[in-house]
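Welcome! Please take a moment to look over the sequence and the model shown here before reading on.

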Amino acid sequence: MSSQDLFTDRVRLYAQRIGESSAAALAGLYDLTSQRLVRYATTITRNQHDAEDAVQAALVKVSGQPSLLCDCNHPWSYLLRMVRNESLLILRRRKRWSLSNNLSDLLTRRLVDDLDREDTHRAVWSALRALPTEQSEVVVLKIWEEMTFAQIAEILEVSVSTAASRYRYAIEKLTRKLQVIGAMEVFDE
Amino acid sequence: MNESSSFDTFDHESKIEAMIHAARFYVEPSEDLRPSVLEAAREYCADQRAEQRLGSFAVAVLVLALIASPLGSYAALLRSSAVTRSASEVQRHATELADRREIGSHWALAEAFSHWRHLQAARLGHSQHRMK
């Protein structure tokens, strides 16, 4: 059983617990998924505050109707899709000029062991933000969520080949961007 | 040369993928998101429960209204059949009878009273017939 299947099973288990003991069990689901949901929503909204609003809206819906996750085959994919829909709703409400590519909105984690790589991480997030949303979200789902193109296609409601080609274009652009700023050399060290 | 270039591209891409993968925990949710989500969920569930209770109350009121409306009309029928004349009306009728038939006031009162009882009996019989 892959780590993703295990994760999906845990999401389903927490959803079942929410069904049994209402909103109190939501804390478990939050602890399990919040970081992954927020980083995915952030790549769509390009603003962490909006991303957190989207995650909150999706999790509140789950607390009121846990059967949404319990009854579907892939609860984790379904939860990601819920967050995506909420993020797109927020994006639609937000004015176009407020979209920004800087990272000032991000709340970042600074681990002592990882300090030397912080610049690389910032470069990666900057490069991701510079991509069109439809490309950056494929990268996030593929690399961070370790999903197959078929699973990504299901979440984004596109064909498998579209998901794969978006990923290819995104990786080409990211390679160019990260080479320019020399981030890859830093990563090599 | 071509093989070497495609190998370089592959190498670059896998390096890029590794870099992106390493940045996956760079962003974390704000500290106040957790209590905010839990509070919002609690409120949402409480609202849902209140809505359910209100819905059940509305259904109960509707059922009660459906049951009460035939009972109400039955009671109205009973009330209409039990309508009585006032003493002054009987007295006025007795006076008229005494004048018209030139009989004593006591006898006229007895006649008026008897007439009123006939009327009441007829009305009661009519309403019972309607209820059947």
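Here is a short tour of the two chains, from the overall fold to single residue pairs.

This is a predicted model, in which local features need pLDDT of at least 70 and side-chain atom pairs count only at pLDDT 80 or more, while totals for chains, interfaces and linings use all residues. Residues are numbered from 1 along each chain as its sequence is written, chains are lettered from A and ligands numbered from 1 in the order in which they are written, and side-chain values use heavy atoms, with hydrogens and water left out.

**Chain A overall**

- Chain A has ten helices and zero strands; helices (H or I, at least four residues) and strands (E, at least two) are DSSP runs, numbered from the N terminus.
- Of its 189 residues, 53% count as buried, where buried means under 20% relative accessible area, exposed over 50%, and partly exposed in between (1.4 Å probe, protein chains only).
- Among contacts in chain A with a separation of 6 or more, 68% join residues 24 or more positions apart; a contact means heavy atoms within 4.5 Å.

**Where the chains meet**

- On the chain A side 41 residues are in contact with 29 residues of chain B.
- Together the two chains bury about 3700 Å², 68% of it on carbon and sulfur atoms; buried area is the accessible area (1.4 Å probe) that two parts lose on being put together, summed over both.
- One salt bridge crosses this interface, and it joins the side chains of A:Asp31 and B:Arg34 (2.8 Å, N to O); a salt bridge is a side-chain nitrogen of Lys or Arg within 4 Å of a carboxyl oxygen of Asp or Glu.
- Elements giving two or more residues to the chain A side include helix H2 (26-45) and helix H3 (48-64).
- H2(A) gives the most to that side, with eight residues.

- Just after H7(A), A:Glu146 takes a positive phi of about 50 degrees.

**A buried isoleucine**

- A:Ile152 sits in helix H8 (residues 149-156) of chain A and counts as buried, at 0% relative accessibility.
- Beyond its neighbours within four places in sequence, A:Ile152 is in contact with A:Val138, A:Leu141, A:Lys142, A:Met147 and A:Ala163.

**Salt bridges within the chains**

- Side chains of opposite charge can pair when their charged atoms come close.
- Over all chains the count comes to eight salt bridges.
- One of them joins the side chains of A:Glu145 and A:Arg39 (3.2 Å, N to O). A:Glu145 lies in the loop between H7 and H8 of chain A and A:Arg39 in helix H2 of chain A, so this pair ties together parts 106 residues apart in sequence.
- A:Glu145 counts as buried at 1% relative accessibility, and A:Arg39 counts as buried at 2%.
- A:Arg36, A:Arg39 and A:Glu145 are linked in a network of salt bridges.
- A:Glu86 forms a salt bridge with A:Lys61, the closest N and O atoms being 2.6 Å apart. Here A:Glu86 belongs to helix H5 (residues 75-93) of chain A and A:Lys61 to helix H3 of chain A, so the pair ties together parts 25 residues apart in sequence.
- In chain B, the side chains of B:Glu39 and B:Arg42 meet in a salt bridge (3.3 Å, N to O); both lie in helix H2 (residues 33-81) of chain B, three residues apart, about one turn of the helix.
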